[in-house]
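Here is a friendly note to read beside the picture. Please keep the structure open and find each residue as you go.

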Amino acid sequence: MKNWKKMMGVLLAGALVLGGCGGTEKEQAVGSKTIPELKIAISPYQDADTLRTKTEPLGKMLQAKLKEKGYEVQKITLNVGTSYNAVGEALSAGSADVGFISGATYVLCDRDVDVLLTALREGIDKDTTDLSVWNNGQPDKFTKNLVKYYRSALVVGPSPKGQALLAKVKRGEKPTWEELDSLNWAVMSPASASGYLYPSLWLKENYGKTLKDLSHVVQSDSYTTSTARLASGQVDVMVAYSHIRAKMEKDWQVKLGGTGSIWDQTGIIGVTGKIFNDTVSVSKTSKVMQDPAFRKALGEALIEIGKTEEGLKVLKTIGHKGYDWAQASDYDGERKIRKELQ
């Protein structure tokens with residue numbers, strides 16, 4: 001009996017050892033403190049060679065930060081996607097674990113992708129849909145506060161039609177659809193959030209129409225082109241991110257053709273809801289990202305990197321000034337656009 005008990009003890013111990021070493025692939029990934037490889041996909045914010053070269057240090061920064069949090073990531077691979085959709089598809093398939101993607105891409109793929117972080121950018125001192133604030137005669141100024149979102153604005157210029165409509169708005173009166181339709185508009189491509197999609201949603205909510213319904217629309221290749229057209233009177237109104245005037249203030253007269261201060265020659269006749277910034281999103285199908293504790297550590301690591309001078313230098317390449325935690329509901333505006341406009 002004693003020999004039998006000894007034999008059973010040995011067999012049980014062996015089974016425990018084998019069980020600890022064997023496990024399924026998923027069991028090894030979930031909760032593991034050693035990550036063989038973390039695959040990061042970056043949207044093509046710039047040309048691929050520039051992005052690859054300038055974001056390369058991010059891998060080592062992440063490895064170091066994650067090690068501090070108890071995770072040994074043996075290899076971090078950073079790839080630049082051929083398109084925004086390609087990065088979203090890689091996350092959906094699990095061939096990428098983490099992606100730097102736009103809010104629109106996240107929403108398109110949110111059945112297979114979770115949003116983790118929202119990128120930060122400089123805010124301005126006006127953050128409201130109250131047009132009297134935007135037209136109070138005081139210049140819009142950038143602040144030191146970093147924010148998770150921005151807005152789009154309908155900016156009228158010095159043309160007679162633009163100024164006439166601005167005067168009406170300053171009196172607290174709402175423009176009619178016919179008045180808006182009579183204007184010459186400068187817009188961006190239909191994929192642009194602030195230069196097309198959100199202004200279209202604003203028109204839909206206020207007039208039951210979209211930018212497609214306007215009679216006089218020209219598409220610009222850049223916001224600089226739109227602003228130059230506005231300054232010269234070629235168009236009466238442009239749609240752009242709401243801090244466009246603060247950004248273009250110095251160039252308005254020097255380079256873009258304005259004949260006076262941008263604050264004297266322009267005004268705002270409409271402001272959209274919040275447009276949340278780009279995201280760091282993670283794949284729901286990636287084995288590495290099944291572990292909630294690792295997701296949390298990854299988010300904390302990127303937030304901490306974004307608070308360092310070295311980290312900000314790298315993140316500047318993709319237009320980010322740091323990160324904050326995101327919520328799926330932050331991107332409901334994008335979901336509404338998909339439902340209402342596409």
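1. A word on the model. This is a predicted model, in which local features need pLDDT of at least 70, side-chain atom pairs count only at pLDDT 80 or more, and totals for chains, interfaces and linings use all residues. Residues are numbered from 1 along each chain as its sequence is written, and side-chain values use heavy atoms, with hydrogens and water left out.

2. Salt bridges overall. How many salt bridges does a search of the whole structure find? The search gives 17. A salt bridge here is a side-chain nitrogen of Lys or Arg within 4 Å of a carboxyl oxygen of Asp or Glu. As background, side chains of opposite charge can pair when their charged atoms come close.

3. Lys 65 and Glu 304. These two form a salt bridge, with 3.3 Å between the closest N and O atoms. The pair links distant parts of the chain, 239 residues apart: Lys 65 is in helix α3 (residues 48–68) and Glu 304 in helix α14 (residues 292–305). Helices are DSSP runs of H or I with at least four residues, strands are runs of E with at least two, and both are numbered from the N terminus. Glu 304 is partly exposed, at 27% relative accessible area. For such labels, buried means under 20% relative accessible area, exposed over 50%, and partly exposed in between (1.4 Å probe, protein chains only).

4. Glu 300 and Lys 296 make a salt bridge whose closest N and O atoms are 2.6 Å apart. Both residues lie in helix α14, four residues apart, about one turn of the helix. Salt bridges that share partners join Lys 65, Glu 68, Lys 69, Lys 296, Glu 300 and Glu 304 into one network.

5. Asp 110 and Arg 335. The side chains of this pair meet in a salt bridge of 3.1 Å, N to O. Asp 110 sits in the loop between α5 (103–108) and β6 (113–119), while Arg 335 is in helix α16 (residues 332–341), so the pair links distant parts of the chain, 225 residues apart. Asp 110 is partly exposed at 22% relative accessible area, and Arg 335 is partly exposed at 23%.

6. Leaving out residues up to four places away in sequence, Glu 334 touches Gly 103, Ala 104, Val 107 and Tyr 198. Contact means heavy atoms within 4.5 Å.

7. Helix α4. In α4 (residues 84–93), Val 87, Gly 88, Ala 90, Leu 91 and Ser 92 are buried. Their cover includes β2 (38–42), β5 (98–101), α5, β6 and β16 (279–283). Just after α4, Gly 94 takes a positive phi of about 85 degrees.

8. Leu 341. This residue lies in helix α16 and is partly exposed, with 21% relative accessible area. The C-alpha atoms of Leu 341 and Ser 200 are separated by 7.8 Å, although the two are 141 residues apart along the chain. Not counting residues up to four places away in sequence, Leu 341 touches Leu 197, Ser 200, Leu 201, Thr 210 and Lys 336.
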